[in-house]
Amino acid sequence: MADPVPVLDEIRRLCAEALAAVEAAGDDDALRALESGVLGPEAPLGRHLKSIPRLPPDQRGPVGREANEGKRAIQAALAARRAALEQAREARLADLEWVDPTLPGPVRGGGRMHPVMQVCRELEDIFLGLGFDLLDGPWVEDEQHNFTALNIPADHPARDMQDTFWLQDGRLLRTHTSPVQVRTLRTQPPPIRAVALGRIFRHEELDATHENTFHQVEGLLVDRDVSAAHLVWVLRTVLQELFGRDVEVRLRPAYFPFVEPGFEMDMRFRGRWMEILGCGLVHPGVLRAGGLDPDTWSGLAFGMGVDRIAMLRHGIEDIRHLMAGDLRFLRQMARGTDA
């Protein structure tokens, strides 16, 4: 059994230092900086939490408990320190002017999580549980990463399906999250298990099923001897987590430039089959563009629209509602806790 003690000691040290810093914070700005620096995803404690799926099985429980207990203790200390600072401010004000405490205070509406962000958070949890890393990439891309390295040269007809917004310097707003695949292949040695969730842009004619700004989750797994069986297992597991254990799936042949073979995956939803995502085995040309030998490495990739999942969940028939910013509409599907 591997010894988790060094990791546990490191987590305890980080939490003790964070609690001491919270207690010494003198204002809200300092608390906000501490919260970001201590609990953010790239902070040391956040990295420990993200690393749990990659730990040996016998270490995940102790490390996860210690990290989560420390996180809760820091959050409680932050809340207590904010309350103490607020009380001190009120005491100073009471010395300066008389306030009638019986008067009603201002009514503040609590923020709620957008239905698309609800799905993003759920997808993050699902893929972290499957051992995938969460990645991100720039919204403004170059032609090489967005098209060429993904087996879509300038004269390829697939570009007609991804008309986009070009900038004066020759760059463009990314049309999919697939460029993260290429960046990952070029910067991380295999094996690779990663997903990228984010906003994408296309020059679409707006209607009930088309928007110029929407969200996509892109998955990439590269290892030795990856097959379509692995692809089906991963995607079926994800869809069952999203829509219920009774979900059925099937593959149909389809064309995507960056996979070979390529498939559309259908699922049986509410009594009928419907297309839900595109997927396939990573094209050898994409592996070569990422600096990998396709005779040694193979992979699977898939892409799924996050907005569409939200629409299916809530019975939304017009995608434009999701980006319109109409609070009356969004409150109908907002999660009941403050975002």
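**Salt bridges and exposure**

User: Why does R89 count as partly exposed in this model?
Analyst: The model is predicted. R89 has 28% relative accessibility. Buried needs under 20% and exposed needs over 50%. The value for R89 lies in between, so R89 counts as partly exposed.

User: What makes E86 and R89 a salt bridge?
Analyst: Their closest N and O atoms are 2.5 Å apart. The cut-off is within 4 Å, so the pair qualifies. Both residues lie in helix α4 (residues 57-96). They are 3 residues apart, about one turn of the helix.

User: Which residues are linked with E86 and R89 in a network of salt bridges?
Analyst: D28 joins E86 and R89 in that network.

User: Why does E86 count as partly exposed?
Analyst: E86 is at 33% relative accessibility.

User: Is R245 buried or exposed, and what makes it so?
Analyst: R245 is exposed. Its relative accessibility is 59%, and the class needs over 50%, so R245 passes. Its salt-bridge partner is E241, at 2.6 Å, N to O. E241 has a relative accessible area of 36%, so it is partly exposed.

User: How many salt bridges does a search of the whole structure find?
Analyst: The search finds 16.

How values were computed. Residues are numbered from 1 along each chain as its sequence is written. This is a predicted model: local features need pLDDT of at least 70, side-chain atom pairs count only at pLDDT 80 or more; totals for chains, interfaces and linings use all residues. Side-chain values use heavy atoms; hydrogens and water are left out. A salt bridge is a side-chain nitrogen of Lys or Arg within 4 Å of a carboxyl oxygen of Asp or Glu. Helices (H or I, at least four residues) and strands (E, at least two) are DSSP runs, numbered from the N terminus. Buried means under 20% relative accessible area, exposed over 50%, partly exposed in between (1.4 Å probe, protein chains only).
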